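Please walk through the following structure one part at a time. The text starts where the chains meet and then turns to single elements and pairs.

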Amino acid sequence: MNLNRRSVLTAALAGGVLVSKVGRTEAFARGYDPQAEAIADGVWLVRGKDEPIAFDNGGAIANSVFIATDAGTVLIDPGPSLAYGKALSALAQRVTGAAVARVYITHLHPDHSFGAAAFDPAIAHALPATRHDLVNDGDGFSDALYRMLADWMSGTAVVLPQGDAAEGNVTFGGRTLRLFAMNGHSNGDLAILDQKTGTLIAGDLLFHDRAPATPHADIDGWLAALDRIEGISHRLLIPGHGPLDRNGTSIAQTRDWLTWLRASLRNAVPTGKDMSEAGAMTIPDRFAGLKVARYELQRSVSHFYPGLEAELLPEIGR
Amino acid sequence: MQLSRIILPMLAFAATPAWAAPLPADPLGSPMWDYHASRIFEGATLVFDDRVKVILPVIAEDQHVVPVTVDARALQGVQRIILFADLNPIPVAIDYRPLQAAPFVATRIKLDQRTPVRAAVLLADGVWHVAGGWIDAAGGGCSAPPASRVRGDWADHLGEMRGAGWVDKGGMRLRFGFRHPMDTGLVESIPAYNIEELAVTDATGATLAKMTIYGSVAEDPAFTLEVQGADGPMTVAARDTSGLEFKGSIAASSGQKLVAAQ
């Protein structure tokens, strides 16, 4: 448990701080100012910054979604902190005219999940695998976010969603949502299709114009999930990070990056590259439009390289 | 107990007590520069030199396993390479002597907080050439138990070695690693226990490279070296602080086989 907590301090975040800032306390004089964009009938997108988690962005890097229903607003992914969850709550009330009545958390990572602190745990829903992993890793995430975000995190406690999300249709306030229980980016990745508008909220199974993050990824499982997403009839895709996708680009981008990453790391070990060299490998030009590509490549080297060496390098001695 | 662990690695460098020249100002502005420099260099001349490349990742994604590569191949006559992190409780990670090897070494270290990570390269004329950079890291790299202690299987795999060699330009790149907890002694009820000596010898028995290793090297320590001579096999031998010895043999063709098997 102790190790688990410590080992996820940075490893499990969807982002991290590149260079420490000096004088953080003096710099902190702001609140969050999330903006909602109407993207379909009764559906609003709140964009996160396409950056790593950093003090300058308060950790608000993940996308959030509002869906209006007769029973109140459904909020998908409440963001990184208590204050952000509260800001989303006020924003939802303003744009939808109704308070948040249900929260879905797509997966465990704190840039998506920790804003649940602003809501009654009874209205927060997640896959059982997500709750299980939050029990194990939540304290470590919390340490890491407080270290990087300091006052932005004020009052944020780890809140475990009490509702079980499961594969299948859910009708809430007269609006039918189809839930998909998948995995690959993490052990539990919830995707939600709003039947009325064909809006598919994919969580971090999709990254758009931003390199995918892999701290808990099983790449084979993730690629299988992408195949499944491609087969789900939809009109709009909302990735976990990056802009709204109207034509499926994010599916192709995420698949292309993961396929390239897997092959490149599996090639780096047998050709004798060390971790620094693997992290410095050429990133193909076709990924030039993906933000934070080098950063995520180096994180992925950290996530996968020791395991690949244990798998691919022969035993010597004995 | 803890104090002795912190100081002991540095006593190894205390050669002469005399203090010759004033220390040059630290370009990294480290609060521990004077402390470490006075103990590691002990009066010897030192210069900051960008020809010593210390390659760090843009983020210490896992503070228990932070890759560091030191490349001093732009310098001639390298005798020693010391890798250290100013603000680690065990500052020195490795002290490498590339006897018949390129001045190049890659490994992974633990970090306990944001810190400068540096390489000090000693040339034959007795001058140290120093370079490095700051890297941010979460706490606990040195003070959390290793994964194998938590899993409980560390003893089942202790000393297992993996590795291969790639022949290149008359030399051989060696990459190898050991299963070892590399306990720092900073975790409650787990005494310090780490691999402390390493040597690479060629088929004639000549020693090509030697390294002293400290507890701030990551669990399951891994190394990349470039030794002279392309005729295998190369023998990698290590000893830990309990006196256990681990030995492995790397054939010159082993890397080529991996490439071919892809």
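How many residues of chain A are in contact with how many residues of chain B? Contact here means heavy atoms within 4.5 Å, and by that rule 41 residues of chain A are in contact with 46 residues of chain B. The model is predicted, so local features need pLDDT of at least 70 and side-chain atom pairs count only at pLDDT 80 or more, while totals for chains, interfaces and linings use all residues. Residues are numbered from 1 along each chain as its sequence is written, chains are lettered from A and ligands numbered from 1 in the order in which they are written, and side-chain values use heavy atoms, with hydrogens and water left out.

The size of an interface is often given as the accessible area lost when the parts come together. Chain A and chain B bury about 3,600 Å² between them, and 54% of that is on carbon and sulfur atoms. Buried area is the accessible area (1.4 Å probe) that two parts lose on being put together, summed over both. Between the two chains there are 18 residue pairs in polar contact, both residues being at pLDDT 80 or more. A polar contact is a pair of N or O atoms within 3.5 Å; within protein, one must be able to donate a hydrogen and the other to accept it, and residues adjacent in sequence count only if both atoms are side-chain atoms.

On the side of chain A that touches chain B, at least two residues each come from α1 (2–11), α7 (249–268), α8 (275–279), α9 (293–312) and β13 (315–316) of chain A. Helices (H or I, at least four residues) and strands (E, at least two) are DSSP runs, numbered from the N terminus. The most is given by α9(A), with ten residues. By class, this side of chain A has 18 nonpolar, 13 polar and ten charged residues. Ala, Val, Leu, Ile, Met, Phe, Trp, Tyr, Cys and Pro count as nonpolar, Asp, Glu, Lys and Arg as charged, and the others, Gly among them, as polar.

Side chains of opposite charge can pair when their charged atoms come close. A salt bridge is a side-chain nitrogen of Lys or Arg within 4 Å of a carboxyl oxygen of Asp or Glu. Five salt bridges are found across the interface of chain A and chain B. One pair joined by a salt bridge is R299(A) and E61(B), at 2.7 Å from N to O.

Where does R173(B) lie? R173(B) is in strand β10 (residues 171–178) of chain B. Its relative accessibility is 12%, so R173(B) counts as buried; buried means under 20% relative accessible area, exposed over 50%, and partly exposed in between (1.4 Å probe, protein chains only). The side chain of R173(B) makes a polar contact of 2.7 Å with the side chain of E277(A), and a polar atom of the R173(B) side chain lies 2.8 Å from the backbone oxygen of G272(A). A network of salt bridges links E277(A), D71(B), R73(B), R173(B) and E226(B).

Over all chains, the whole structure has 30 salt bridges. In chain A, the side chains of R131(A) and D164(A) meet in a salt bridge at 2.6 Å, N to O. R131(A) lies in helix α5 (residues 128–149) and D164(A) in strand β7 (residues 163–164) of chain A, so the pair ties together parts that are 33 residues apart in sequence. D164(A) is partly exposed, at 49% relative accessibility.

R262(A) forms a salt bridge with D220(A), with the closest N and O atoms 2.2 Å apart. R262(A) is in helix α7 and D220(A) in helix α6 (residues 219–230) of chain A, so this pair ties together parts that are 42 residues apart in sequence. R262(A) is partly exposed at 31% relative accessibility, and D220(A) is partly exposed at 47%.

In chain B, R118(B) forms a salt bridge with D26(B), the closest N and O atoms being 2.7 Å apart. Both R118(B) and D26(B) are buried.

Helix α3 (residues 82–96) of chain A has 15 residues. Its buried residues include L82(A), Y84(A) and L88(A), and what covers the buried residues of α3(A) includes β1 (36–40) and β5 (100–104) of chain A. After α3(A) comes G97(A), whose phi is positive, near 80°.

Technical notes:
Expected span 1.5 Å × (residues − 1).
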